[in-house]
Amino acid sequence: MGSATEVPRNAQLVLTFSEPMDIDSVDVGLQPSVTLGAPVWSQQDTVLTLQPVAELAENVAYAVSVDGEDVAGNSLTGTRSFSFTTTGPAPDTTAPTVLVASPSQTSTGNARNTLFEIVFSEPMNKASVQAAFSITAPSGFNGGGFSWNEAGTVMTYVLPASFAFGADVSWQVSTSAKDAAGNALTEALTRVFRIVRQGTTTLRFNPETSGGVGAPGYLRNNHLYNLVSLGDDGADNIYRLFIGFKLDSLPEELTQVSQATLRWWVTTQLGNPFEKHGRLLLEPVDVGDEIALTSDGPTPEIIADYDAEPLAPGVGVLASSVASPGSLDVTSWVAQDWSNRIVRNKRTQYRLRFEQAVTNDSIADVLRSDAEVHPTLAELQVVYEYP
């Protein structure tokens with residue numbers, strides 16, 4: 001008996017004996033195990049036909065063993081076993097490969113909670129790939145979660161915690177990762193990348209766009225911001241305070257403004273400005289490269305600056321927030337100005353004003369800043385991310 005190949009999966013097993021057999025003594029077995037239907041004998045009990053109950057597996061080698069006696073009680077001699085192989089696709093002996101892996105090699109500026117994603121060339125044994133995956137540096141980040149696409153070709157890993165800013169990360173998939181047929185990666189995948197870094201810059205106010213302007217006098221004959229009032233000066237002038245900053249020192253490659261805080265020092269309070277003039281508003285404005293100066297009286301330019309339309313709705317500043325210094329969150333406005341930095345000439349500018357006009361009572365109700373007491377007067381701290 002030979003070893004047949006390409007045997008149909010629905011084939012019958014037919015055994016021909018040299019003489020009539022004791023049919024009760026004949027035993028036929030297959031490995032791997034196959035459930036056979038009732039035996040059918042013919043040709044005066046010399047031919048046995050067996051039909052498997054279900055189709056045989058594809059591309060599998062089966063071993064057949066036969067035992068039994070003839071009607072005279074003589075046991076079978078000679079070859080009592082043979083094998084055959086069923087039809088089916090050729091066995092998968094091709095090793096899988098990695099098509100895409102992210103974060104990519106030596107990439108920078110990756111998010112602190114970045115996702116790991118690996119695309120394989122064929123369906124994988126998921127358990128083997130997950131066991132083969134590891135973050136080798138820094139330590140403590142291998143307890144995250146895995147997910148797969150339906151085809152079993154794309155694995156995603158979610159971190160258990162965020163990396164530190166500026167961390168250098170190393171990760172790998174070892175050659176113990178296997179495809180669905182059991183073929184292993186022939187070469188380990190190793191990658192290194194860097195997490196986004198964080199920087200902080202503190203900016204001093206820009207004198208050309210900072211200081212007080214009062215109406216209806218609109219007097220501003222220099223760019224000094226050293227002693228200013230905000231509110232009613234008691235002479236029926238209502239002062240507004242402008243504070244501008246240049247963003248030149250921020251790195252051009254920054255990817256995100258994470259936090260921006262405007263700090264403003266108040267030296268004294270005269271009267272009750274919050275009671276008489278309502279809410280104190282902080283508004284983003286655009287007064288250009290400088291607030292216009294005056295010499296012989298109001299000009300259209302300084303009036304336009306004083307009444308500049310806010311770039312966004314203002315926010316109320318509580319009396320309790322006016323301290324030394326008062327800290328005001330301007331993150332969204334700085335981020336917007338940075339994204340429009342070419343148009344804005346790398347500027348971000350703000351105006352503080354009370355909602356209500358003068359009371360005409362000849363009483364000063366103002367907040368006052370004096371550089372002799374607090375030389376800083378105003379500053380902008382920007383926390384940002386960069387690659």
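This is a predicted model: local features need pLDDT of at least 70, side-chain atom pairs count only at pLDDT 80 or more; totals for chains, interfaces and linings use all residues.
Welcome! Strand 19 and strand 26 run antiparallel and are joined by 8 bridges.

**The sheet**

- Strands in a sheet pair through backbone hydrogen bonds, in either a parallel or an antiparallel way.
- Here, 4 strands make up an open sheet with antiparallel pairing, in the order 15-26-19-23.
- At the edges sit strand 15 (197–204) and strand 23 (326–329), each of which pairs on one side only.
- From one strand to the next, the twist averages 20°.
- Helix 4 packs on the sheet, where it touches strand 19, strand 23 and strand 26. The direction of helix 4 makes about 120° with that of strand 19.

**The largest nonpolar core**

- This core holds 36 residues, and those touching the most other members are Ile243, Trp264, Leu280, Leu352 and Leu380.
- Among the elements that give two or more residues to the core are strand 18 (238–246), strand 19 (256–264), helix 4 (331–339) and strand 26 (378–386).
- Strand 26 contributes the most, with 5 residues.

**A look at Ile243**

- Setting aside neighbours within four places in sequence, Ile243 has contacts that include Phe205, Tyr225, Leu262, Trp264, Tyr350, Leu352 and Ala378.
- Thr209, Ser210, Thr348 and Gln349 are also among the residues in contact with Ile243.

**A second core**

- A separate core of 25 residues has Val129, Phe141, Leu159 and Ala167 among its members.

Notes: Residues are numbered from 1 along each chain as its sequence is written. Side-chain values use heavy atoms; hydrogens and water are left out. A nonpolar core is a set of buried Ala, Val, Leu, Ile, Met, Phe, Trp, Tyr and Cys residues joined through side-chain atoms within 4.5 Å. Buried means under 20% relative accessible area, exposed over 50%, partly exposed in between (1.4 Å probe, protein chains only). Contact means heavy atoms within 4.5 Å. Two strands pair if DSSP finds at least two bridges between them. Axes are lines fitted to C-alpha atoms, for helices over the stretch in contact, and angles run from 0 to 180 degrees between N-to-C directions.
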